[in-house]
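Please keep the structure open while reading.

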Amino acid sequence: MTAATLPGDLGVGIGWRPELAHLLARLPGLRLSEVVAENLRPGHLPAALTDLVARGVTVVPHGVSLSLGGAEPVERARLAHLAACAAALDAPLVSEHVAFVRAGGVEAGHLLPVSRTRDALDVLCENIRTAQAELPVPLALENIAAPLDWPDAQMEEPAFLAELVERTGVFLLLDVANLYANARNHGYDAVGYLDAIPLDRVAYVHVGGGIEHDGLYHDTHAHPVPDGVLDLVTALCARRRPPGILLERDADFPPDDELRAELTAIERAAARATARHPQEAGRDRRGA
Amino acid sequence: MTDGARDRLGRAQAALVAALVLGGPVPAGFHSERVRATAEALVHKRAGAVAQRWPLLAHALGADFLPVAGALLAPLPPGGPLRDGWHVARTLRDEGRLPPGVLAELLAVEAVYRQDGNLRPRRGMTVRIGRDGGRWVVVLRAGRRLLRMG
């Protein structure tokens, strides 16, 4: 499998939500979108979504319920649904999360972090291989935001992701807003994280907004994208420009102009990397 | 090949989920304040989904909706917005705390679904009647058609 799972440069897109359908229909330059697979019936896609596909927009089905990091084997029916969504949308890949969402017969109702242990890595790799065998297109997995961390971690997240990629050939969906949140809440260096993960395996990137509350940063997708997240877009693109970048907005939808301005801000953040890159390369040479 | 790993992982994950959504004890080694904050965020997320599915209930409670729904949902495993909201509305009705203007929303759900926990649709025709403040509310369902009066 080659690193290029997405066709060429898909620019900066935005996630499809029913509330945003009208905006997406009026973004002529749109080339990338994404839709939550669990909200779709593959045989009855909303017309606004099939119109985008007909326009040539790449729409990636994004799963939230496979629980690939869970101890239980992946449910075939959920995989079949994701596969059917990929076929219905003619998508070049599907995405899910490095997370679990249920255990002991109880649904958590949210993406929960996996423990970064050998046991958890073995189970996750096995679940990913099961998924890959059933899916008609490549799979990309997203790093989640979680204020919780397991106490028994045997490796840092970049090493965990790198080994996951190495063992399964899975792609990454790098969420820089989740990275920003975790780096703030757990006190680590987000740029160092970018240097430690296999950037050549990043299929596309998520960007989203959030807010600080009671000393914790929450990745809400309901607030503006903070400058710190845009700085990570620049830092990422200075290292390797991903095939596509996608803005996620799930609630408290602002006027269209504000969302258009956010898309422009992300484009500018990515473009700043191109301007800054020669200087960084120069600094590297001097330091060598 | 990974059966042992799956067993160990399954036990640890079930304990964390129980702490987050069933009010279970915080598993050893976890940052208890972070577990509490995450549990609170999960309940708020559930309540937010209930507000979408039960707009009359959310509107009538206004600023009280999140704390009231959150407190009622916290001890229960997540059941999805329909079932979660049903629990909130039914509890408030049973305690005489259902705000005016909400009963029709509750009766409509009760006219469509059986109360057996599986959310299976009822068959045939059903009528639900109740008093909302000083008014009678009647909900009639026949097949997929739903008629509200009052």
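A salt bridge here is a side-chain nitrogen of Lys or Arg within 4 Å of a carboxyl oxygen of Asp or Glu. By this rule the count over all chains is 19. The model is a predicted one.

## Salt bridges

| Pair | N to O distance |
|---|---|
| E107(A) and R102(A) | 2.7 Å |
| R184(A) and E212(A) | 2.0 Å |
| R97(B) and E95(B) | 2.8 Å |
| D119(A) and R8(B) | 2.6 Å |

E107(A) has 32% and so counts as partly exposed.

R184(A) is partly exposed at 38% relative accessibility. E212(A) is partly exposed as well, with a relative accessible area of 45%.

In chain B, R97(B) pairs with E95(B). R97(B) is partly exposed, at 43%. E95(B) falls in that class too, at 47%.

## The interface between chains A and B

How many residues does the contact take from chain A and from chain B? Chain A gives 29 residues and chain B gives 26. The size of an interface is often given as the accessible area lost when the parts come together. For chain A and chain B, the buried area is about 2400 Å². Carbon and sulfur atoms give 66% of that area. On the chain A side, A71(A), L148(A) and W150(A) supply 24% of the area that chain A buries against chain B, more than any other three residues.

Charged contacts also cross between the chains. The count between chain A and chain B is two salt bridges. D119(A) and R8(B) form a salt bridge, with N and O 2.6 Å apart.

## Cavity and pocket

The structure holds one cavity of 30 Å³ or more. The largest cavity has a volume of about 50 Å³. Its lining consists of L66(A), S67(A), G70(A), A71(A), E72(A), P73(A), V74(A), E75(A) and R102(A). By class, that lining has four nonpolar, two polar and three charged residues. A71(A) is one of the three residues that supply 24% of the area chain A buries.

The second largest pocket has a volume of about 280 Å³. It is lined by 20 residues. Nearest its centre lie R116(A), D149(A), E157(A), N182(A) and Y188(A). Which elements give two or more residues to this lining? They are helix 5 (157-168) and helix 6 (176-186) of chain A. Helix 5 of chain A gives the most, with four residues. The lining divides into twelve nonpolar, three polar and five charged residues.

## Single residues

S67(A), named above in the cavity lining, has a phi near 60°. That is a positive value in a residue other than glycine. S67(A) is found in the loop between strand 3 (58-62) and helix 3 (76-89) of chain A. At 5% relative accessibility, S67(A) counts as buried.

D252(A) also has a positive phi, near 50°. It lies in the loop between strand 12 (245-248) and helix 9 (256-287) of chain A. Is D252(A) buried or exposed? D252(A) is exposed, with a relative accessible area of 57%.

V94(A) belongs to strand 4 (residues 94-97) of chain A. Its relative accessibility is 0%, so V94(A) counts as buried. Leaving out residues up to four places away in sequence, V94(A) touches V60(A), P61(A), L82(A), A86(A), L135(A), V137(A), P138(A), L139(A) and A140(A). G13(A) is 81 residues from V94(A) along the chain, and their C-alpha atoms are separated by 16 Å.

Methods:
Residues are numbered from 1 along each chain as its sequence is written. Chains are lettered from A and ligands numbered from 1 in the order in which they are written. This is a predicted model: local features need pLDDT of at least 70, side-chain atom pairs count only at pLDDT 80 or more; totals for chains, interfaces and linings use all residues. Side-chain values use heavy atoms; hydrogens and water are left out. On a 1 Å grid over the protein atoms alone, a cavity is a set of points where a 1.4 Å probe fits but cannot get out, and a pocket is an open set with protein on both sides within 12 Å along at least five of seven lines; lining residues have an atom within 4 Å of a point. Grid points are joined across faces, edges and corners, and a volume is the space filled by probe spheres set on the points. Ala, Val, Leu, Ile, Met, Phe, Trp, Tyr, Cys and Pro count as nonpolar, Asp, Glu, Lys and Arg as charged, and the others, Gly among them, as polar. Buried means under 20% relative accessible area, exposed over 50%, partly exposed in between (1.4 Å probe, protein chains only). Contact means heavy atoms within 4.5 Å. Buried area is the accessible area (1.4 Å probe) that two parts lose on being put together, summed over both.
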